[in-house]
Amino acid sequence: MNHEIVQMAFKAGQGMTPGQIAEAMGGDATGGRVGAQLRKYGVHLPRRGDDDIMQLRWSRRDRLALEEIASKRQHDAPDIAVIALRILIAEPILFGNLLDEADQIDEALRK
């Protein structure tokens, strides 16, 4: 992968759209060309609309477990994560109970 593609991928990871990346890159770059190049290398682009980008750090083990679940459901791991989050947001009591349980586990592990 050449340096220009790496720069485009980094900007996409920061939430920039192909048009914004093309503008930042200058030259003869267009949003269409940038988007096509990024898709060619498997770089996911932000969706249009009111979506926000959130970067998170998580364990490789958790990511692999989620990818396994996602593959059985024929989804991408990020899609499964968003679905799970939407369910938890829609069920605040369940979400609260899970957070309480996670706190208890963390506390037990610290002892």
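Biologist: How many nonpolar, polar and charged residues are in the lining of the second largest pocket?

Modeller: Ala, Val, Leu, Ile, Met, Phe, Trp, Tyr, Cys and Pro count as nonpolar, Asp, Glu, Lys and Arg as charged, and the others, Gly among them, as polar. In this lining, six residues are nonpolar, four polar and three charged. The model is predicted: local features need pLDDT of at least 70 and side-chain atom pairs pLDDT 80 or more, while totals for chains, interfaces and linings use all residues. Residues are numbered from 1 along each chain as its sequence is written, and side-chain values use heavy atoms, without hydrogens or water.

Biologist: Which residues lie nearest the centre of the second largest pocket?

Modeller: A pocket is an open set of points on a 1 Å grid over the protein atoms alone, where a 1.4 Å probe fits, with protein on both sides within 12 Å along at least five of seven lines; lining residues have an atom within 4 Å of a point. Here 13 residues line the pocket, and E4, M8, D28, A29 and V34 lie nearest its centre. Its volume, the space filled by probe spheres set on points joined across faces, edges and corners, is about 200 Å³. Helices α1 (3-13) and α3 each supply at least two lining residues.

Biologist: At what angle do α1 and α3 pack?

Modeller: Helices are DSSP runs of H or I with at least four residues, strands runs of E with at least two, numbered from the N terminus. Axes are lines fitted to C-alpha atoms, for helices over the stretch in contact, and angles run from 0 to 180 degrees between N-to-C directions. For α1 and α3 the angle is about 95°, with the axes 10 Å apart. The two are therefore roughly perpendicular, a label for 65 to 115 degrees.

Biologist: Which residues of α1 and α3 meet?

Modeller: Contact means heavy atoms within 4.5 Å. I5, M8, A9 and A12 in α1 meet V34, Q37 and L38 in α3. Six of these residues are nonpolar, one is polar and none is charged.

Biologist: How far apart are the axes of α2 and α3?

Modeller: The axes of α2 (residues 18-25) and α3 (residues 31-40) are 7 Å apart, at an angle of about 110°. P18, G19, I21 and A22 of α2 touch G31, V34, G35 and L38 of α3. That contact has five nonpolar, three polar and no charged residues.

Biologist: At what angle do α5 and α6 pack?

Modeller: Helix α5 (residues 77-90) packs on α6 (residues 92-110) at about 105°, with axes 5 Å apart. L88, I89 and A90 of α5 meet P92, L94, F95 and L98 of α6. The contact has seven nonpolar, no polar and no charged residues.

Biologist: How many helices and strands does the protein have?

Modeller: The protein has six helices and zero strands. Its radius of gyration is 19 Å, well over the 13 Å that the globule rule gives for 111 residues, so the protein is more spread out than a compact globule. The radius is taken over C-alpha atoms, and the rule is 2.2 Å times the number of residues to the power 0.38.

Definitions and conventions: Angles under 35 degrees count as roughly parallel, over 145 as roughly antiparallel, 65 to 115 as roughly perpendicular and the rest as oblique.
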